[in-house]
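Welcome! Please take a look at the sequence and the 3D view below, and then let us walk through some of the contacts between side chains together.

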Amino acid sequence: MVLDPAQLVAVALVFLLAGTIKGTVGIGLPAASVGMMALFLPPKLAISLVVMPVVIVNVWQFWSAGDRLGAIRRYWVFIATMLPVLFAVTFVTAQTDGNVIALILGVVVVAFAATNLFFTPPALPQRFDVPAQIFGGLGAGFFGGFTSVWAPPVMIYMLAKRVEKDEFVRGCGVVFAAGGLPLFLGFVWNGLLVGETAIVSTAMVLPALAGFALGARLRHRIGSERFRTLVLSLFLLVGLNLLRRALF
C-alpha cells in the first residue's frame, strides 16, 4: 500500500506522540501508535509499521536501564517462552482478515488500559514465579505476534511481582527488547515488512526516538501520574472504538 504525503505526516506525528508517551511513563509505544494508526490505516499495515520503532526504542530502553545481565537471568523463562510463540503467531497474522486483527487489537488495547487503570493483580508468591513467567510468556507471544502489542501480560506479571520502579522499567525493557527480534524476523519472513512498508517503518524510528527523548524531559516537569491516567484513558477509548469497528 502506498501512503500519500498526508498519511506519512500523520504517521510521523503518531510516532512522535507515542514516543513521548513512552518516554514519560515508560510504556505504551506500540499500544499508542498501533491504536491511533488503526483509526486511519488498515490494522495489518499499522501493526507492520510499528515494528522498527518498537525494536529500536525498546533496545534503547533496555540498554539504558542498567543491570542488563541480572534482568536477563531473572526473566529468561518469560523470554524463552514468549519468543517462539511470538514468531509462530506472525505466520497466522499474515493470513488473518483485517477485521479479526482489529478485534484482537481492540481487546489488547482495552486490556492494556484497564490493567493499568483499574486492576491490581494479587501478589505473586515466589514459588509460583516460574509458572507465572511461562503463562505470561505464552500470552505475550500470542498477542505480540498478532498485534505487535505484548505489554498487557508483561504488565500483569510485573505488577503481581510488586517490583520497585527501577526494576519495573528494567524488567519490562528486557522483555520488550527480546520480543523485537522474532517480531521483526516473522514480519519480514511473511512479507508484512517489505518494500515501502519497511522503509516507512524504519524512517519512523526517528520521530519515535525524538518523542522518547522529549518524554524523558517532560517526566521531570509534569505530574507523571496524572499524565499516565490521561494517556491510559485515551487508550481505553481507542481500544473501544477498534472493537466497535471490528464488530459493527
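Let us begin with a single residue. Ala 111 has a relative accessible area of 31%, so it counts as partly exposed. Please keep in mind throughout that this is a predicted model.

Where does Ala 111 sit? You will find Ala 111 in helix 6, which covers residues 98–118. Now look for Pro 153: along the sequence, Ala 111 and Pro 153 are 42 residues apart, while in space their C-alpha atoms are 9.3 Å apart.

## The nonpolar core

The largest nonpolar core holds 75 residues. Which of its members touch the most others? They are Phe 15, Met 37, Phe 112, Trp 150, Val 154, Val 175 and Phe 235.

Leaving out residues up to four places away in sequence, Phe 235 touches Ile 21, Gly 28, Ala 31, Ala 32, Val 109, Phe 112 and Ala 113. Phe 112, one of these partners, is also on the list of core residues that touch the most other members.

## Rings that pair up

How many aromatic pairs does the structure hold? There are 8 of them. One is formed by Phe 87 and Phe 91: the ring centres are 5.3 Å apart and the planes are at 80°, so this pair is edge-to-face. Both residues belong to helix 5 (residues 68–94), where being 4 residues apart separates them by about one helical turn. With a relative accessible area of 24%, Phe 87 is partly exposed, and Phe 91 is partly exposed too, at 33%.

Another pair is made by Phe 142 and Phe 146, with ring centres 5.2 Å apart and planes at 70°, so this pair is edge-to-face as well. These two residues lie in helix 7 (residues 129–147), 4 residues apart, or about one turn of the helix. Are the two partners buried or exposed? Phe 142 is partly exposed, with a relative accessible area of 36%, whereas Phe 146 is buried, at 8%.

Rings can also be joined in groups. Here, ring pairs link Tyr 75, Phe 78 and Tyr 157 into a cluster. A charged residue can be found at a ring face as well: Arg 68 lies over the face of Trp 63, at 3.9 Å from the ring centre.

## Salt bridges

Side chains of opposite charge can pair when their charged atoms come close. In the whole structure, a search finds 4 salt bridges. In one of them, the side chains of Arg 74 and Asp 67 meet, with an N to O distance of 2.9 Å. Arg 74 is partly exposed, with a relative accessible area of 34%, and Asp 67 is partly exposed at 41%.

Arg 170 and Glu 167 form another salt bridge, their closest N and O atoms being 2.9 Å apart. Both residues lie in helix 9 (residues 165–189), 3 residues apart, about one turn of the helix. Arg 170 and Glu 167 are both buried.

## Around Asp 129

Our last stop is Asp 129, which is placed in helix 7. Its relative accessible area is 7%, and since buried means under 20%, Asp 129 is buried.

Which residue meets Asp 129 in a salt bridge? The partner is Lys 161, and the N to O distance is 3.2 Å. Lys 161 lies in helix 8 (residues 151–161) and Asp 129 in helix 7, so this pair ties together parts that are 32 residues apart in sequence. Lys 161 counts as partly exposed, at 24% relative accessibility.

Asp 129 has polar contacts too. Its side chain makes one of 2.9 Å with the side chain of Gln 133, and a polar contact of 2.6 Å joins the side chains of Asp 129 and Tyr 157. Leaving aside neighbours within four places in sequence, Asp 129 is in contact with Leu 124, Tyr 157 and Lys 161.

Terms used: Residues numbered from 1 in each chain as written. Heavy atoms only, no water. Core = buried A, V, L, I, M, F, W, Y, C linked by side-chain atoms within 4.5 Å. Buried < 20%, exposed > 50% of the residue type's maximum accessible area, 1.4 Å probe, protein only. Contact = heavy atoms within 4.5 Å. Phe/Tyr/Trp six-rings, centres within 6.5 Å; stacked < 30°, edge-to-face > 60°. Lys NZ or Arg CZ within 6 Å of the ring centre and 35° of its normal. Polar contact = N/O pair within 3.5 Å; in protein donor to acceptor, adjacent residues only side chain to side chain.
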